Amino acid sequence: AFERALYVEPGWSVARTNFADFLREEGDDARGERILREGLELDPDDAMLHHALGLLLVRNDRETEALESLAAAAALDTANPRFSYVLGVALNSLGRSDEAVSTLADAYARHPGSFDIAWAYATILRDRGDIAAATAVVDTMRERFPASREVASLAEQLAAEP
């Protein structure tokens with residue numbers, strides 16, 4: 001069905017990303033990568049395809065290529081908070097916390113209602129020892145997400161820091 005969909009509409013990025021995800025579940029990331037790259041040849045500015053390719057490359061321990069794809073997705077579609085969130089988390093996971101903080105700070109300013117971005121930003125700041133900045137983010141989160149036990153717990157952790 002995916003092959004047929006792409007035959008009919010080769011530029012349909014939703015079909016490509018879903019096909020690549022299906023292939024991942026089948027253990028064929030190599031074919032999934034080809035499907036995504038073919039889509040990017042048709043439309044190099046498709047943020048969804050860049051994002052899907054970045055995730056595939058992360059799973060295959062190809063960090064440099066993955067970050068390029070994830071960064072392209074975040075740059076091409078700044079309205080999608082998920083792309084910036086994933087890029088920030090990936091940067092931090094690869095030991096590039098300065099870039100992660102910069103990416104997440106920008107995303108936090110653009111998407112103040114995103115729990116995931118705020119959470120990643122606050123916890124990375126905390127882990128870097130910037131308790132004051134982390135506390136400021138968490139204080140805002142407490143206003144936006146008053147019922148969140150996770151936020152309350154993080155606020156307590158930060159309050160206990162020297």
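Colleague: Let me start with a detail. Which residue forms a salt bridge with arginine 126?
Modeller: Aspartate 127 does. The closest N and O atoms are 2.9 Å apart. Bear in mind that this is a predicted model.

Colleague: Is arginine 126 buried or partly exposed?
Modeller: Partly exposed, because its relative accessibility is 24%. Buried would need a value under 20%.

Colleague: And what about aspartate 127, buried or exposed?
Modeller: Aspartate 127 is exposed, since its relative accessible area is 56%. The cut-off for exposed is over 50%.

Colleague: Let's zoom out. How many helices and strands does the protein chain have?
Modeller: There are 10 helices and zero strands. Along the sequence the pattern reads α-α-α-α-α-α-α-α-α-α.

Colleague: What box do the C-alpha atoms fill?
Modeller: Roughly 60 × 30 × 25 Å, along the principal axes.

Colleague: How much of the chain is buried?
Modeller: Buried residues are 40% of the 162 in the protein chain. The accessible surface is about 8800 Å². Carbon and sulfur atoms hold 50% of that surface.

Colleague: What share of the contacts join residues at least 24 apart?
Modeller: That share is 42%, counting contacts between residues at least 6 apart in sequence.

Colleague: Now charges. How many positive and negative side chains are there?
Modeller: The protein chain has 16 positive and 29 negative side chains. The centres of the two sets lie 2 Å apart.

Colleague: Why can such side chains pair?
Modeller: Opposite charges can pair when the charged atoms come close.

Colleague: How many salt bridges does the structure hold?
Modeller: It holds 14. One of them joins glutamate 65 and arginine 37, at 3.4 Å from N to O. That pair links distant parts of the chain. Glutamate 65 is in helix H5, and arginine 37 is in helix H3, residues 29-42. They are 28 residues apart.

Colleague: Are those two side chains buried or partly exposed?
Modeller: Glutamate 65 is partly exposed because its relative accessible area is 32%. Arginine 37 is partly exposed too, with 32% relative accessibility.

Colleague: Which residues are linked with them in a network of salt bridges?
Modeller: The network links Glu33, Arg37, Arg62 and Glu65.

Colleague: Back to arginines. Which residue forms a salt bridge with arginine 128?
Modeller: Aspartate 98, with the closest N and O atoms 2.6 Å apart. Arginine 128 sits in the loop between helix H8 (115-127) and helix H9 (131-144), and aspartate 98 is in helix H7 (residues 97-110), so the pair ties together parts 30 residues apart in sequence.

Colleague: How exposed are the two partners?
Modeller: Arginine 128 is partly exposed, at 41% relative accessible area. Aspartate 98 counts as exposed, because its relative accessibility is 55%.

Colleague: Switching topic. Which residues make a nonpolar surface patch?
Modeller: Trp12, Val14 and Met48 make one of about 260 Å².

Colleague: Where is tryptophan 12?
Modeller: In the loop between helix H1 (2-8) and helix H2 (13-25). Tryptophan 12 is partly exposed, since its relative accessibility is 44%.

Colleague: I also noticed aspartate 61. What is its phi?
Modeller: Near 55°. That is a positive value in a residue other than glycine. Most residues other than glycine have a negative phi.

Colleague: Where is aspartate 61, and is that residue buried or exposed?
Modeller: Aspartate 61 is in the loop between helix H4 (47-59) and H5. It counts as exposed because its relative accessibility is 58%.

Colleague: Stay with H5 for a moment. Where does alanine 71 lie?
Modeller: In helix H5, residues 63-76. Alanine 71 is partly exposed, at 32% relative accessibility.

Colleague: How far apart are alanine 71 and phenylalanine 83?
Modeller: They are 12 residues apart in sequence. In space the separation is 8.1 Å, C-alpha to C-alpha.

Colleague: Last one. Which helix holds threonine 135?
Modeller: Helix H9. Threonine 135 is partly exposed, with 26% relative accessibility.

Key:
Residues numbered from 1 in each chain as written. Predicted model: local features only at pLDDT ≥ 70, side-chain atom pairs only at ≥ 80, totals over all residues. Heavy atoms only, no water. Helix = DSSP H or I, 4+ residues; strand = E, 2+ residues; numbered from the N terminus. Buried < 20%, exposed > 50% of the residue type's maximum accessible area, 1.4 Å probe, protein only. Contact = heavy atoms within 4.5 Å. Areas by Shrake-Rupley, 256 points an atom, 1.4 Å probe, with all protein chains shown as cover. Lys, Arg positive; Asp, Glu negative; His and termini not counted. Charge placed at Lys NZ, Arg CZ, Asp CG, Glu CD. Patch = residues over 30% accessible without salt bridge, like charges linked within 9 Å, V, L, I, M, F, W, Y side chains within 5 Å. Salt bridge = Lys/Arg side-chain N within 4 Å of Asp/Glu carboxyl O.
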